[in-house]
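Please look over the chain below before reading on. The note is meant for someone who has not seen it before.

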Amino acid sequence: MSQNRNYNVAIVGATGAVGEKIREILERKSFPIGELKLLSSKRSAGKKIKFKNEEITVEEATPESFKGIDIALFSAGGSISKALAPEAVKHGAIVIDNTSAFRMGEGIPLVVPEVNCDDLKIHDGIIANPNCSTIQMVAALKPLKEAFGLSRVIVSTYQAVSGAGNDAVDELKDQTQQYLDGKELTAELLPVSGDEKHYPIAFNALPQIDKFQENGYTFEEMKMINETKKILHDDSIQVAATCVRLPFVSSHAESVYVELGKDGLSVADVQNVLKDADGVILEDDPTTQTYPTPLSAMDKDEVFVGRVRKDLDEEKGFHLWIVSDNLIKGAALNTVQIAESLIEQNIIK
């Protein structure tokens, strides 16, 4: 990455789960920062957070917070992004938004750098970070599409509780203890905090992530469907998704069925493409029980793929198991990688 100068960076939602990871990754990668502003709600303002060897006081995010900021990394919820991202752009910042607020917006790039970094070249100040479950899937699908063509995707997800925030993780831990103590499980957050009905997640599986839409799919499922087509620049790909929340803390897992564009392909053909894919690590050997799991992928940058199998009935069909840390590659790391790509391509003025 070219580091001809340093950049003034703001993190909006700096005290949240993703904001904390963004800060850690900026430090770990020695991102070229001049000034770092940590922004949050009024409730968290005043908190002191260490970055490198400096203590930074968290400030309340307001329209005036973005004066002099080059890059604004948003991860504070869609309503905050809708209110403040345009204000950041007015002050000259490029916004990288980690919510669903702008992802399907016309003219707004939706970017996974290993997949479609060229899309960054045309933007109006706002760039969208895709949904966590979409990011890891398209990282594996793009090289397969380039090598063989891709006509259909059917995905079932096994998603970690941290995708619903720190409070949901705390609720999982509380419910687990309640279950072990033989007590009734109290549920106040999942599957969706804003819905009327809540179910325990401990020792359970919830086939609902985000709110139901009129077509019977959840918003999370529709995000995966629509974002996959936008990122891969192909509305002809048939995509279906079922998204499920499971009782573990980090890393989403996905069972993905794909129909490729060539006959006569072998498991080895697919594996060889994935071995060379940028940001992807193949962990796939049934003879040694080698495959990725949420625990093995936790705190790692890459997307891990295993269990590559040829479908027994469909000649062009293959099955994949895809796992990645939802707070890292699925959110914070991808956000920082977008910022790095903006610098590498000299897109920041």
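This is a predicted model: local features need pLDDT of at least 70, side-chain atom pairs count only at pLDDT 80 or more; totals for chains, interfaces and linings use all residues.

1. Residues are numbered from 1 along each chain as its sequence is written, and side-chain values use heavy atoms, with hydrogens and water left out.

2. The chain has 9 helices and 14 strands, where helices (H or I, at least four residues) and strands (E, at least two) are DSSP runs numbered from the N terminus. Its radius of gyration, taken over C-alpha atoms, is 20 Å, close to the 20 Å that the globule rule (2.2 Å times the number of residues to the power 0.38) gives for 349 residues, so the chain is as compact as a globular protein of that length.

3. Of the 349 residues, 51% count as buried, that is, under 20% relative accessible area with a 1.4 Å probe and protein chains only. Among contacts (heavy atoms within 4.5 Å) with a separation of 6 or more, 66% come from residues 24 or more positions apart.

4. Helix α6, residues 219–231, has 13 residues and reaches 18 Å from its first C-alpha to its last, close to the 18 Å expected at 1.5 Å a residue, the expected span being 1.5 Å times one less than the number of residues.

5. Buried residues of α6 include M222, M224, I225 and I231, and also E220, E221 and K223. Their cover includes α3, α4, β9, β10 and β11. Just after α6, H233 takes a positive phi of about 55°.

How values were computed
Buried means under 20% relative accessible area, exposed over 50%, partly exposed in between (1.4 Å probe, protein chains only).
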